Amino acid sequence: MLPTRPGAHAPLAWVAMRGRPVPRILALTLVVCALLATALSSDRSAEAARARPRSAGIDPALGIFNLDHVIFVVQENRSFDSYFGTFPGANGIPLDVCIPDPKAHRCRRPYHDQNFFDRGGPHNERATRLTIDRGRMDGAIKALRVIGNACRVNPTRVGCKQAVPGPNGTPDVMGYHNASEIPNYWAYAKQFTLQDRMFAPSDSWTLPSHLYLVSGWSATCHHFDPMQCRSDQKFPGFNAADKGRFWVPADGKPRPYVWADITWLLHNQGVSWAYYVGKDSCIRPPCSKPSEESTNPIMNPLPGFKTVEVTKQFKNIRPNTEFFAAAADGTLPSVSWVVPTIGLSEHPPDSIADGQEWVTDVVNAVMQGPSDQWLHTAIFVTWDDWGGFYDHVKPIRIDENGYGIRVPGILISPWARSGAIDHQTLSFDAYLKLIEDRFLSGQRLDPLTDGWPDSRPTVRENAPQLGDLASEFDFTQVPLPPLILDPRP
């Protein structure tokens with residue numbers, strides 16, 4: 001875990017170990033007092049942040065309240081080991097690993113995959129169970145052999161022919177990339193902060209992960225009643241689909257996601273936000289035919305939330321061209337999510353070079369904008385699920401739905417701890433927690449207190465195992481300069 005500093009939240013494990021044992025009643029009293037003091041301190045920090053002019057400098061005592069903009073850039077389908085398994089100092093690929101291949105009747109070792117195209121593997125609940133294999137983490141190839149992948153279903157798809165297996169026919173789910181193929185991602189990790197214990201929020205695929213990204217849950221709701229929602233990691237909201245197995249924005253009403261999401265809280269407290277998608281993406285019907293400038297609807301869940309309809313916030317789901325304009329003129333909202341268009345997400349068999357180019361364009365846009373904006377910004381880059389690729393770290397269980405298999409995560413900010421590797425347990429719930437702590441006075445997506453009751457099984461942001469992203473910042477350091485990179489190195 002990263003060390004604490006003035007203005008940071010002290011990790012609970014560290015607080016609990018301080019001092020000598022005390023009687024239970026006294027301990028409880030101390031805990032209550034500490035919580036009250038924390039709440040009062042948070043309120044004072046929030047008030048101070050609101051009183052601080054947007055062009056003001058950095059006050060280390062304010063901690064995360066120095067941040068005016070948090071940006072979440074979300075790609076698809078890569079495990080941590082597949083991108084950073086050989087990154088120095090990270091919890092990467094074990095030296096002696098060799099996992100069974102039931103088709104070849106031998107074990108296969110990880111190898112350096114120098115291709116920009118991969119076929120990947122299956123990534124759903126069944127694939128998760130096979131891959132984890134009761135904690136042995138040796139089932140990636142078995143899951144591929146049993147379930148298959150996109151290229152098995154459609155071998156003529158662009159990228160499938162370019163993707164070739166590794167030594168002696170080793171499936172590319174065992175391949176890893178390094179700075180040779182993804183130099184910009186490695187450069188960000190070296191200059192800023194890498195997260196090597198970021199888990200996908202659910203043990204399933206893209207749609208549930210993006211629902212967790214904005215709401216902390218994935219469910220299907222009987223009679224579209226928020227008190228009759230049940231966890232669903234396969235096809236959440238299928239009962240509102242006009243055709244197919246899941247709802248898409250072109251289906252229109254009824255909107256299937258009737259539990260609370262983070263935009264409900266942001267709206268209620270007057271916090272600006274935007275979810276940036278491809279300019280041809282469908283938000284509400286009638287919709288044009290998808291194009292290369294569309295975002296895959298499973299990466300664009302907010303049009304399906306009843307809260308967005310009730311609060312009339314569809315206008316905040318914006319074309320990504322507006323992100324670049326806002327970054328350039330210093331008018332980014334407080335909270336931004338940025339998702340790619342079709343073909344740029346790094347979902348196998350998409351080119352990882354194309355995906356890296358997109359992400360670099362997004363990061364460069366912020367860094368090349370007004371210097372004061374950069375000083376008050378944090379960018380988080382992550383991938384929504386593991387894509388069937390090998391990873392050696394067993395996920396922990398938070399509730400019935402996850403966590404899922406580990407994915408890469410990077411913090412990019414002038415206040416990130418340069419070269420640090422954060423070993424805290426994280427997931428997309430940590431993003432929600434940061435938004436809530438910075439902009440919402442710590443209000444959680446809690447049906448008992450958020451004004452939109454629902455039947456979610458867990459208030460994910462309060463999970464004791466979840467780390468705190470606030471500890472990744474050091475507002476006492478000399479700010480790190482922008483790192484402008486060639487999008488196509």
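**Salt bridges in close-up**

The predicted model holds 19 salt bridges.

**View A. Salt bridge between Glu-309 and Arg-255.** The closest N and O atoms of Glu-309 and Arg-255 are 3.8 Å apart. Glu-309 belongs to helix H10 (residues 306-310), whereas Arg-255 sits in the loop between strand S8 (229-231) and helix H9 (262-268). The two residues are 54 residues apart, and the pair links distant parts of the chain. Both Glu-309 and Arg-255 are buried.

**View B. Salt bridge between Asp-354 and Arg-488.** Here the closest N and O atoms lie 2.6 Å apart. Asp-354 is in helix H12 (residues 352-367) and Arg-488 in the segment after helix H14 (428-439), so the contact ties together parts 134 residues apart in sequence. Asp-354 is partly exposed, at a relative accessible area of 25%. Arg-488 is also partly exposed, with a value of 42%.

**View C. Salt bridge between Asp-399 and Arg-460.** The N to O distance between these side chains is 2.8 Å. Asp-399 lies in the loop between strand S12 (377-383) and strand S13 (406-412), and Arg-460 in the segment after H14, so the pair ties together parts that are 61 residues apart in sequence. Asp-399 counts as buried because its relative accessibility of 14% falls under the 20% cut-off. Arg-460, at 1% relative accessibility, counts as buried as well.

**View D. Network of Lys-253, Arg-255, Lys-306 and Glu-309.** Salt bridges with shared partners join these four residues into one network. Among its members are Arg-255 and Glu-309, the pair of View A.

Methods:
Residues are numbered from 1 along each chain as its sequence is written. This is a predicted model: local features need pLDDT of at least 70, side-chain atom pairs count only at pLDDT 80 or more; totals for chains, interfaces and linings use all residues. Side-chain values use heavy atoms; hydrogens and water are left out. Helices (H or I, at least four residues) and strands (E, at least two) are DSSP runs, numbered from the N terminus. Buried means under 20% relative accessible area, exposed over 50%, partly exposed in between (1.4 Å probe, protein chains only).
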